[in-house]
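Here is a short briefing on one protein chain. Please keep the sequence and the model in view while reading.

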Amino acid sequence: MADDKILIVHPECMALVELGARLEESGHGVIERTVGIGAAAAVVRERPAVTIVHAGMPLVPGRDVVEAVKRSWAGRGAKVLLYGPRAPRGPASGSVTWSAA
């Protein structure tokens, strides 16, 4: 599943390692970032199938990462899941999924 990369942006290393390991065991390629700075560029550069962004990122909040991807022409078609305690309330358990068209 070389084209089935998942980008995870999460501030806590242990959570990042645990989630990354589970996804790799399932056959996904995993790209990990612990800070929001540069995460939008990683979405454009790496072209992951899905990007999972924690809303409570320090320095650059998860919502700002999602907005940067949305504003980028190269981010069109990106699938981004914003989750966590600071994510806006959406239809499914406090998370918002955004997919650029």
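Glu46 counts as partly exposed, because its relative accessibility is 24%, between the 20% limit for buried and the 50% limit for exposed. The model is a predicted one.

- Glu46 and Lys5 meet through their side chains in a salt bridge, at 3.5 Å from N to O.
- This pair links distant parts of the chain: Glu46 sits in helix H2 (residues 39-46) and Lys5 in strand E1 (residues 5-9), 41 residues apart.
- Lys5 is partly exposed, since its relative accessible area is 22%.
- Glu46 also forms a salt bridge with Arg45. Here the closest N and O atoms are 3.8 Å apart, and that falls within the 4 Å cut-off.
- Arg45 has 52% relative accessibility, so Arg45 counts as exposed.
- Together, Lys5, Arg45 and Glu46 are linked in a network of salt bridges.

- Glu18 forms a salt bridge with Arg22. The closest N and O atoms of this pair are 2.7 Å apart.
- Both residues lie in helix H1 (residues 13-25). They are four residues apart, so about one helical turn separates Glu18 from Arg22.
- Glu18 counts as partly exposed because its relative accessibility is 41%.
- Arg22 is exposed, with a relative accessible area of 54%.
- How many salt bridges does the count come to? It comes to four.

Overall fold

- The protein chain has three helices and five strands.
- Read from the N terminus, the order of elements is β-α-β-α-β-α-β-β.
- Of the 101 residues in the protein chain, 36% are buried.
- Take the contacts between residues at least 6 apart in sequence: 57% of these join residues at least 24 apart.
- The chain exposes about 5,800 Å². Carbon and sulfur atoms supply 56% of that area.

- Thr51 has Val80 in E4 as its bridge partner.

Buried side of H3

- Which residues of H3 are buried? They are Gly62, Val65, Val66 and Val69.
- These residues lie on the same side of H3, because they cover an arc of only 95° around the axis.

Conventions. Residues are numbered from 1 along each chain as its sequence is written. This is a predicted model: local features need pLDDT of at least 70, side-chain atom pairs count only at pLDDT 80 or more; totals for chains, interfaces and linings use all residues. Side-chain values use heavy atoms; hydrogens and water are left out. Two strands pair if DSSP finds at least two bridges between them. Helices (H or I, at least four residues) and strands (E, at least two) are DSSP runs, numbered from the N terminus. Buried means under 20% relative accessible area, exposed over 50%, partly exposed in between (1.4 Å probe, protein chains only). Contact means heavy atoms within 4.5 Å. Accessible areas come from the Shrake-Rupley method with a 1.4 Å probe; for residues, only the protein chains shown count as cover. The arc is that of the directions from the helix axis to the C-beta atoms.
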